[in-house]
Amino acid sequence: MLNIVLFGAPGCGKGTQAQRISEKYGLNHISTGEVIRGEIARGSQLGLKMKSFIESGRLAPDSLVIDIIVDYLDAHRDVNGNIFDGFPRTTAQAEAFDSILAERGLKVSAMVYMDVPEQELVRRILLRGRESGRADDASEEVIRNRIEVYNSQTAVVAKHYEAQGKYYRIDGVGSLDEVTSRICQAVDSAK
């Protein structure tokens, strides 16, 4: 089973590229961001807890995010594989994720890091905020805080996968097709 972690700072295009890669390889696209936004929209207890984290640009607690992923994996066992968009976000999540997968006889095949300069990330997120109306994408201060949190807490997860020989860095700037092609090269190398 092919399990790809698509990785990069907020605004790098993970969601768009994850959808394209999931279609090309027949993988389930698991977006923790979409799951969390769905919980907020429904006004569930989980959604209310998550709302304050998202609006301030902070990461959701590891235990809540891991529970979401475990539930999804257990409900979707008969698949070709998965592309994880926005997970794991911390080294603790990555370590727990490795254990969860191992318990199920699975592993991460590759972690593909989409590298995009910070100013381009801010530009993309502000544009997305104007188009989507998402409150967490409308404030440059919140966006820069999200990028800072990513750099301090999430970027280090790359070292976890690099130590396992599963890390692939690609240039995340270019046309959609160019970036997709770069990701596919990394995925094909990991097979």
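What percentage of the 191 residues of the chain count as buried? The share is 47%, where buried means under 20% relative accessible area, exposed means over 50% and partly exposed lies in between (1.4 Å probe, protein chains only). The model is predicted: local features need pLDDT of at least 70, side-chain atom pairs count only at pLDDT 80 or more, and totals for chains, interfaces and linings use all residues. Residues are numbered from 1 along each chain as its sequence is written, and side-chain values use heavy atoms, with hydrogens and water left out.

**Figure 1. Overall fold of the chain.** Nine helices and five strands make up the elements of the chain; both are DSSP runs numbered from the N terminus, helices being H or I with at least four residues and strands being E with at least two. Their order from the N terminus on is β-α-β-α-α-α-β-α-β-α-α-α-β-α. Along the principal axes, the C-alpha atoms fill a box of roughly 40 × 40 × 30 Å. The radius of gyration of the chain is 16 Å, which agrees with the value near 16 Å for a compact globule of 191 residues; the radius is taken over C-alpha atoms, and the globule rule is 2.2 Å times the number of residues to the power 0.38. Of the contacts between residues at least 6 apart in sequence, 73% join residues at least 24 apart, a contact being heavy atoms within 4.5 Å.

Figure 2. The core holds 52 residues, of which Ile4, Phe97, Tyr161 and Ile183 touch the most other members. Such a core is a set of buried Ala, Val, Leu, Ile, Met, Phe, Trp, Tyr and Cys residues joined through side-chain atoms within 4.5 Å. Beyond its neighbours within four places in sequence, Tyr161 is in contact with Val5, Pro88, Ala94, Phe97, Asp98, Val108, Met111, Lys166 and Tyr167. In soluble globular proteins, nonpolar side chains tend to be buried together.

**Figure 3. Val108 and Ser109 in the loop between H5 and S4.** Helix H5 spans 91-103 and strand S4 spans 110-115, and Ser109 is placed in the loop between them. Val108 is found in the loop between H5 and S4. Val108 counts as buried because its relative accessible area is 1%; Ser109, at 15%, is buried as well. Apart from neighbours within four places in sequence, the contacts of Val108 are Asn3, Val5, Phe97, Asp98, Leu101, Tyr161 and Lys166. From Val108 to Asp98, 10 residues apart in sequence, the C-alpha to C-alpha distance is 7.3 Å. With neighbours within four places again left aside, Ser109 is in contact with Met1, Leu2, Asn3, Ile4, Lys166 and Ala190.

**Figure 4. Ala18 and Arg20 in helix H1.** Ala18 belongs to helix H1, residues 14-25, and Arg20 is found in helix H1. Is Ala18 buried or exposed? Ala18 is buried, since its relative accessible area is 0%, whereas Arg20 counts as partly exposed at 28%. Neighbours within four places in sequence aside, Ala18 is in contact with Leu6, His29, Ile83 and Asp85, and Arg20 with Leu176, Asp177 and Thr180.

**Figure 5. The largest pocket.** Its volume is about 1,000 Å³. A pocket is an open set of points on a 1 Å grid over the protein atoms alone, with protein on both sides within 12 Å along at least five of seven lines; a cavity is a set where a 1.4 Å probe fits but cannot get out, and lining residues have an atom within 4 Å of a point. Grid points are joined across faces, edges and corners, and a volume is the space filled by probe spheres set on the points. Of the 47 lining residues, Pro10, Gly11, Lys14, Arg128 and Arg146 lie nearest the centre of the pocket. Elements that each supply at least two lining residues include strand S1 (2-7), helix H6 (118-132) and helix H7 (140-154). The lining divides into 17 nonpolar, 17 polar and 13 charged residues; Ala, Val, Leu, Ile, Met, Phe, Trp, Tyr, Cys and Pro count as nonpolar, Asp, Glu, Lys and Arg as charged, and the others, Gly among them, as polar.

**Figure 6. The largest cavity.** One cavity of 30 Å³ or more is counted, and the largest cavity has a volume of about 50 Å³. Met1, Leu73, His76, Arg77, Val79, Asn82, Arg104 and Leu106 line the largest cavity. By class, these are four nonpolar, two polar and two charged residues.
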